Amino acid sequence: MNMHTTPQRTLAETALIDAFGERLSLLPGDGAVMLKRDDAIEAIKGGLPTRRIESWHYTDLRRLLTSVPDFDPAAVAKAIAPIVEDSSVLPVLNGVSSAKLPDIEGVAVQRLSEKLTDGSIAPGLDPYGTDDAIGALNTAFVADGYFVDIADGAELEKPLELQNLQAGGQTHVRLAVRVGAGAKAVIVERQAGEGAALVSSVSQLVLGEGAEVTWLIVQEQPDTATHLAQFKAHLGKNSKLTLFVMNAGGKLVRQEVVVRTTGEGADFTLRGINLLAGDTHTDVTMVLDHGVPHTASTEVIRNVVTGKARGVFQGRINVHQYAQKTNAKMACNTLLLSDDGEFSTKPELEIFADDVVCGHGATVTEIDHSHLFYLMARGIDEKTARGLLVKAFVAEVIEELDDEAIVEALERRLDDWFLTHG
Amino acid sequence: MLEIKNLHARIVDDGTEIIRGLNLTVRAGEVAAIMGPNGSGKSTLSYILAGREDYEVTEGDILYDGQSILEMDPAERATAGIFLAFQYPMEIPGVATMEFLKVAMNEQRKARGEEPLKIPEFLKRVKEAAASLNMDMAMLKRPLNVGFSGGEKKRAEILQMKLLEPKLCVLDETDSGLDIDALKIVADGVNTLRSPDRAIVVITHYQRLLQYIVPDTVHVLYRGQVIKSGDKSLALDLEANGYAGVIGQAA
């Protein structure tokens with residue numbers, strides 16, 4: 001991954017390499033999987049990415065990852081209530097999936113630890129691109145997670161909530177979901193826990209023809225945790241994916257979104273909110289490939305920056321030469337509430353087709369004073385009025401999801417954040 | 001109720017003086033109309049009464065119930081009972097209208113030491129007020145003023161005024177952008193609020209609104225001063241002869 005020579009390993013790099021040696025005998029996997037693990041740790045031996053690697057320019061992982069906790073087999077994480085009542089919950093507790101799998105009509109669930117040994121998923125462990133540090137870290141150490149198969153035509157009545165809950169130490173989890181043709185589902189990916197953990201979590205989603213999925217990533221790690229996550233999706237013909245990402249925690253967070261439209265008529269929507277506080281670093285990096293003609297995508301990212309928080313959004317859209325009639329729009333809006341906070345936005349459009357509509361925009365603003373005046377002129381005190389306006393700035397993105405139960409659930413998560421950070 | 005004494009005020013940004021020695025007294029129970037040509041300082045006066053920070057009072061005072069309000073922020077003035085119906089109400093995406101109404105009503109109750117309204121009572125009040133203004137409740141489910149037509153925004157302002165029950169109502173060009181039917185509904189809404197312990201200041205460019213909200217006093221504002229005061233006949237006179245005559249007399 002990182003081609004320049006690194007004369008001296010950092011503490012974190014050394015800790016990861018040592019941990020691999022120690023963990024190896026415990027890691028599940030057949031021969032093919034174990035070979036992928038070897039490749040992955042070799043990549044890490046080459047050094048964690050630095051700011052000299054373009055895709056890591058704003059998140060110098062080698063510098064920012066100052067320490068790596070040991071694995072903690074004694075740590076106990078508990079399942080939590082799902083964000084939408086009555087959801088089907090699949091918990092991964094401190095890196096271990098549940099032995100008792102739920103019985104959901106039209107859904108087949110397997111523990112990933114078992115899938116890793118049956119020879120079927122080794123190709124999915126390959127890195128994407130040349131600088132895939134999160135993919136490498138996860139492939140080297142992943143021990144469990146879930147493999148979920150939603151049958152063709154199945155329409156899930158209730159959301160499926162995949163919980164990745166840590167209680168310190170290291171956890172490396174993979175959540176793979178295949179959604180069959182014409183199937184419909186709401187999937188919640190919940191990332192939370194406590195302690196100074198290092199978490200790597202990779203989600204893989206394949207959408208069959210005409211499948212429709214709303215996938216919500218709700219990340220609420222404590223401000224002591226490092227959270228390195230990746231969401232990868234392939235969108236088949238006429239399929240529709242709405243991905244919602246909410247970052248509301250974590251000390252060092254990178255959420256990568258890697259999406260490829262592989263079938264005509266595929267439609268991708270990304271909505272993201274980053275609620276940034278304290279002395280934290282949060283990076284959302286998207287790489288979207290429009291690989292076939294007649295596909296559409298829109299991305300809207302809203303950021304609230306307080307304290308000394310730093311945020312990053314990188315949005316790369318590749319429109320391949322053959323991908324005519326692509327329609328892609330991207331916007332990143334930041335509400336900067338403190339002088340010490342910062343947000344970096346980097347849109348990148350690489351377009352090789354000549355008949356496309358693509359655009360991007362970015363804004364950084366403070367609270368609109370005329371809006372504040374209006375609310376105060378109705379007797380709402382300044383602090384409450386500011387709170388309403390900040391919440392409104394991000395709530396707008398949530399309301400677009402247009403599903404009452406989901407909107408209410410996410411607004412509760414939002415209220416929770418404002419309660420502790422307002 | 002409202003006493004403005006030798007008020008001078010300027011725009012903070014560029015120092016332009018807009019209000020230049022304005023005197024005005026409005027008693028409880030009175031409906032006072034403030035008229036004047038464009039640029040005379042009418043809207044500025046309304047913003048200064050509400051406490052907008054873009055303007056700075058350099059001289060004089062504003063007394064409300066005998067107390068100066070110059071040191072009070074907009075929220076404190078509002079909870080004390082001052083209400084400005086905006087000429088151009090702000091569209092605030094993401095703030096649900098009902099949520100806004102509930103917060104505003106309860107914040108004001110809290111400031112007066114009253115219990116927050118229970119949800120059914122709140123809904124009942126909103127429904128009644130909306131019905132009296134011919135407003136569809138569906139409209140109130142939208143974000144505050146977003147996608148409202150000009151007339152809907154004005155009605156929403158009067159709705160807020162009815163719900164908040166202020167003691168001093170300032171209506172800034174509430175007639176602009178209203179067709180005749182909407183104007184009648186809005187004027188009826190204002191008229192129901194007339195009471196012996198409430199004062200209403202109606203700022204308008206045209207006499208038209210004053211056919212429906214009949215004022216007790218009429219004041220002509222020109223270059224930041226009240227240059228002439230009279231009863232409702234003054235408004236008719238202005239309508240017939242324009243501002244030029246009055247301005248000429250004062251000059």
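Residues are numbered from 1 along each chain as its sequence is written, and chains are lettered from A, and ligands numbered from 1, in the order in which they are written. Because the model is predicted, local features need pLDDT of at least 70 and side-chain atom pairs count only at pLDDT 80 or more, whereas totals for chains, interfaces and linings use all residues.

Helices (H or I, at least four residues) and strands (E, at least two) are DSSP runs, numbered from the N terminus. In chain A, helix H1 (residues 11-23) and helix H2 (residues 31-45) have axes that come within 10 Å and cross at roughly 160°. Axes are lines fitted to C-alpha atoms, for helices over the stretch in contact, and angles run from 0 to 180 degrees between N-to-C directions. H1(A) and H2(A) are therefore roughly antiparallel to each other; angles under 35 degrees count as roughly parallel, over 145 as roughly antiparallel, 65 to 115 as roughly perpendicular and the rest as oblique. Their crossing is left-handed, a term used if the near helix is turned anticlockwise from the far one by less than a right angle, with right-handed used if clockwise. A:Glu13, A:Leu16, A:Ile17 and A:Phe20 of H1(A) make the contact with A:Ile41, A:Ile44 and A:Lys45 of H2(A), two residues being in contact if their C-beta atoms, placed from the backbone, lie within 7 Å.

H7(A) and helix H8 (residues 404-421) of chain A pack at about 150°, with their axes 11 Å apart. This angle makes H7(A) roughly antiparallel to H8(A), and the crossing of the two is right-handed. Among the residues of H7(A) that meet H8(A) are A:Gly387, A:Lys391 and A:Val394, and their partners include A:Leu410 and A:Phe418. The loop between H7 and H8 of chain A holds A:Glu400. A:Glu400 is partly exposed, with 14 other C-beta atoms within 10 Å; a residue is buried if 20 or more other C-beta atoms, placed from the backbone, lie within 10 Å of its own, exposed if 12 or fewer, and partly exposed in between.

In chain B, helix H4 (residues 119-132) and helix H5 (residues 150-164) pack at about 135°, and their axes are 10 Å apart. H4(B) and H5(B) are therefore oblique to each other, and H4(B) passes H5(B) in a right-handed crossing. B:Arg125, B:Val126, B:Ala129 and B:Ala130 of H4(B) meet B:Leu159, B:Lys162 and B:Leu163 of H5(B).

Chain B also has an open antiparallel sheet of four strands, in the order S2-S1-S4-S5. Strands S2 (17-26) and S5 (67-68) are its edges, each pairing on one side only. Strands pair if DSSP finds at least two bridges between them; S4 (residues 55-64) is joined to S5(B) by two bridges, and B:Tyr64 stands opposite B:Gln67 in S5(B).

The largest nonpolar core has 197 residues, of which B:Phe83, B:Val170 and B:Val201 touch the most other members. Such a core is a set of buried Ala, Val, Leu, Ile, Met, Phe, Trp, Tyr and Cys residues joined through C-beta atoms within 7 Å. Helix H7 (residues 382-399) of chain A gives the most to this core, with eight residues. Beyond its neighbours within four places in sequence, B:Val201 is in contact with residues including B:Val26, B:Ile34 and B:Val170.

The contact between the chains takes 17 residues from chain A and 20 residues from chain B. H7(A) gives the most to the chain A side, with seven residues.
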